[in-house]
Amino acid sequence: MTIGVDDDESAFSHVDEGKALEKSWIRICSRLKGEVGEVEYRTWLTKIALGPVDGDEITLLLPTRFLRDWVRSQYGDRLSELWNQEVSAIRRVELQVARPGDPVAPPLALEEKTTDASTAPQADSEDAPRVAPEVKSDIAAVLDSRFTFDTFVVGKPNEFAYACARRVAEKPSSVGFNPLFLYGGVGLGKTHLMHAIGAELLQSGTVSVAYMSAEKFMYRFIAAIRSQSTMEFKEQLRSVDVLMIDDLQFLIGKDNTQEEFFHTFNALVDAGRQIIVSADKSPSDLSGLEDRLRTRLGCGMVADIHATTFELRISILESKAAASGVVVPSKVLEFLAHKITSNVRELEGALNRLIAHANLFGRPVTLEATQDVLHDILKAHDRRVTIEEIQKKVAEHWNIRLTDMSSARRARAVARPRQVAMFLAKQLTSRSLPEIGRKFGNRDHTTVMHAVSRVTELMERDTAFAEDVELLRRMLES
Ligand code: ADP
Ligand code: MG
């Protein structure tokens, strides 16, 4: 009987004790809030739930390991002190990750839940219309309004990357497209495509988008370390629906930032968010990047943007000239497309200069004017390579004798490399067709012309061949 009464009493006292603990916890919370400030309090401490008391130890529960570690390192001691002041029997605080079924909502946070939407971005129900969670201004995508899908000219070298970008903009986080890894040389449209995706997504108004260069990512990360706000920075990043990081190659050799990016990356992908990354090389060629990061980067869709073809350069020039309203004769466009083969940025720069010139002096654009206005650019593009260098590199590449560049042998094993060398000579130097022909064993200019069109055609049909030629071109230009 006595035992039964005891039992009842202890049952009562459990309830009372629970209530008393809650009250204590509310007081502790309000003191903490006063000490650490509203923002920090809301970001970190409202996620704590009360767990059981065992002897002199109280357990506090947090929803994730990440939060537990952070709260432990930043507030662990203070929590112990405060608890001890409230309930002298409690001497220690144990922080644990909540398991399914554990209490999750802290008593004080309940009062604030209504104003607290920004800290619970993942809590949207399935079919309720979503409003994009607000992204903190320092990571929110700042997009160049000129870089849209509409202004992106599509051609063979970039159609695959373009299609992937479109797809991700339409349906972020779909299987097989996460992460989307865009790569290609400088000035070929990676940033343009990323901004286009961002613009499209923001227009839909239902997703939050963060965009930054890898350099800025690192800078922010370091700034956050300095101001002891790394957790806030991480939480910000981890709360977006779509994270875009441009020029990832910048993180080579920056091990700490890489590590941080890796964790953010995993957290986001695991949470079903979309990641879009650009770099100048494919994941497997980004040596200097941690293996596990490279592996994960290659897990989704990898799309490369190839060097421009003559046709694409012409289309881009046409489209940009039309947008400018200045009439640029097709002869001039062709001339530019032949001379400036390095990348779209330079091509665009040259055209812009022509257009500015035409507007300024009110004179029509002619071929002579073009050569005059772009004198320095054109010279810079000529200076780079000689036909001899081209012949040497190409011969080495295909393992044929240098003399075969000018020999009369017509076996395909030598004829094809020779054609490539002629093609590259046309692309990379300002030599005329007859001049080029002369350097290749006094061949006729029609032979050179034929070589150029043959190689162009083959490059379109055979990607492996196109990559070979492209590689040679890059080596010669660098
Ligand atoms: P990357 O990021 O690959 O270095 P960008 O995206 O910055 O290159 O492109 C360089 C410039 O060339 C930008 O002004 C961009 O608008 C333009 N550009 C590149 N590709 C295209 C394209 N296919 N159509 C129209 N403009 C392009
Ligand atoms: Mg870029």
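Trainee: Hi! Where does P179 lie?

Mentor: Hello! In this predicted model, P179 lies in the loop that links helix 5 (159-170) with strand 4 (180-184).

Trainee: And what kind of peptide bond joins N178 and P179?

Mentor: That one is a cis peptide bond, with omega at about 0°.

Trainee: OK, on to the sheet. In what order do the five strands come?

Mentor: The order is 5-6-7-4-8, and together these five strands make an open sheet with parallel pairing.

Trainee: Which strands stand at the edges, and why is one side of each left without a neighbour?

Mentor: Those are strand 5 (209-213) and strand 8 (301-305). Each has a single partner strand, so one of its sides has no neighbour in the sheet.

Trainee: By how much are neighbouring strands turned against each other?

Mentor: On average by 15°, if you ignore direction.

Trainee: Can we zoom in on strands 6 and 7? How many bridges join them?

Mentor: Four bridges do, between strand 6 (residues 242-246) and strand 7 (residues 274-279), and the two run parallel. If you want a spot to look at, find I245, which has V277 of strand 7 opposite it.

Trainee: Nice. Which strands does helix 7 lie across?

Mentor: Helix 7 (residues 214-226) lies across strand 5 and strand 6. Its direction makes an angle of about 95° with strand 5.

Trainee: Is Q228 buried or exposed?

Mentor: Exposed, because its relative accessibility is 69%, and the cut-off for that label is over 50%.

Trainee: Let's zoom out. How many helices and strands are there in the protein chain?

Mentor: The chain has 20 helices and eight strands. Of its 478 residues, 45% count as buried.

Trainee: One more: what share of the contacts with a separation of 6 or more comes from residues 24 or more positions apart?

Mentor: Such residues account for 74% of those contacts in the protein chain.

Note on methods. Residues numbered from 1 in each chain as written. Chains lettered and ligands numbered in written order. Predicted model: local features only at pLDDT ≥ 70, side-chain atom pairs only at ≥ 80, totals over all residues. Heavy atoms only, no water. Pairing = 2+ DSSP bridges. Axes fitted to C-alpha atoms, helices over the stretch in contact; angles between N-to-C directions. Contact = heavy atoms within 4.5 Å. Buried < 20%, exposed > 50% of the residue type's maximum accessible area, 1.4 Å probe, protein only.
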